[in-house]
Amino acid sequence: MLDALDLAKRLIAAPSVTPATGPVFAELEAMLVPLGFAVHRFTRGAGADGSDEAPVENLFAWRPGPAGSRHFAFAGHLDVVPPGEGWSSDPFEPQVRGELLHGRGAVDMKGAIAAMVAAAAEVPREAGTISFIITGDEEGPALHGTRALIDWMEGEGHRPDLCLVGEPTSVNRLGDMVKIGRRGSVNIWITVEGTQGHVAYPHLADNPLPRLVAILSELDALTLDTGTAWFQPSNLEITDIAVGNKATNVIPPLGQARVSIRFNDLHTGKSLSDRVCAIAERHGGKARPVISGEPFLTEPGAFSKLVSAAVEAETGIVPELSTTGGTSDARFLRSLCPVIEFGLCNATMHKRDEAVAIPDLAVLARIYARIARAALALAPTDG
Ligand SMILES: [Zn+2]
């Protein structure tokens, strides 16, 4: 088997703070081409479509199986969050210390992509089509990343039957958690306007703040639902209240607030936005929602069973099927086919001195190889 540790080091050594382009993609391409993959890379964002955002690179690689065979996709991202200060060593110089490989992206998620490459090398071409859906814009706004990849794939007729995203889903031990869904997310900006004036002459002014407080207390008192078999209850949090009034004797002209809702599949971003807008308007305010992701669920079935079986075969652990945590690109990929997420332990992701347990890389590669083989062997009706 290819050495996933060696591959992970090569990817970490190519700095790729989000949004990523260039060398890190060249490195992955250089790994995949000798394995028989065709590679298509394209850039979106500044310079590509005239927008003022930083450019984003995406990569789709595929190795076709026999005609009519199944198509299994590995998905993930090569961009990383900024390293921040205080690392014990250069975050972009892979460092082995004891049983740990240190470097930005070691667990989120260059280590997993290295394991995917090692796994793909173990799957015979006759087993079916394997592809890699890899973006450089997952940790950022995700505007030109996986969504652009999906558009391109659809245009070219590449449609996987099943997809595994390699986000770090494990918690305490490799294999203890698999994600079969994610909650949706919407942020809503609320504005209440009034008329500025002197606090001693309130009849000449109109204070917007009591109305803002009324909106927020009504929103905070909402029970959106009590959860489902696979999701925890949806939750609304007030994340900002801003007035910026420095004068003690002035009634401010404007009050603003922001709420963030993480929601399950009993709702859509639109249904919740409409509800919050109606409450804000009833109190004379305005609400502006930005939906960052809809919830998705891959119902437990043949796909989750084969993932669990692969994890158990290599680790002895039966993973918990979960929908907790933040959003991921699986929210977009779900439009293509059933999606499950499984990857390394997430304790150090986005942190200083991010590190992966070196033995986990080889175990993950073997789990991924089992998943790919089993997914390609699945009868179409089981997908
Ligand atoms: Zn990630």
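Is Glu 167 buried or exposed? Glu 167 is buried, with a relative accessible area of 8%. By buried I mean under 20% relative accessible area, with exposed over 50% and partly exposed in between, using a 1.4 Å probe and protein chains only.

Quick housekeeping, then. This is a predicted model, where local features need pLDDT of at least 70 and side-chain atom pairs count only at pLDDT 80 or more, while totals for chains, interfaces and linings use all residues. Residues are numbered from 1 along each chain as its sequence is written, and side-chain values use heavy atoms, with hydrogens and water left out.

Okay, the zinc. His 77 (NE2), Asp 108 (OD) and Glu 167 (OE) coordinate the ion at 1.9 to 2.2 Å. A donor here is an N, O or S atom within 2.8 Å of the metal (3.2 Å for Na, K and Ca), and water is not among the atoms, so sites may look incomplete. Along the chain, the donors are spaced H-x30-D-x58-E. Asp 108 sits in the loop between β5 (100-102) and α3 (110-120), and Glu 167 in the loop between β7 (162-165) and β8 (177-179), so this pair ties together parts that are 59 residues apart in sequence. Helices (H or I, at least four residues) and strands (E, at least two) are DSSP runs, numbered from the N terminus. Asp 108 counts as buried too, at 4% relative accessibility.

The largest pocket holds about 220 Å³. On a 1 Å grid over the protein atoms alone, a pocket is an open set of points with protein on both sides within 12 Å along at least five of seven lines; a cavity is a set where a 1.4 Å probe fits but cannot get out, and lining residues have an atom within 4 Å of a point.

The whole structure has one cavity of 30 Å³ or more, and the largest cavity comes to about 40 Å³. His 77 and Glu 167 are among the residues lining that cavity, and strand β3 (residues 71-77) gives the most to the lining, with three residues.

Last stop, the core. Of the 65 residues in the largest nonpolar core, Leu 28, Phe 72, Phe 74, Phe 132 and Tyr 368 touch the most other members. Such a core is a set of buried Ala, Val, Leu, Ile, Met, Phe, Trp, Tyr and Cys residues joined through side-chain atoms within 4.5 Å. Helix α9 (residues 358-377) supplies its largest share, twelve residues.

Note on methods
Grid points are joined across faces, edges and corners, and a volume is the space filled by probe spheres set on the points.
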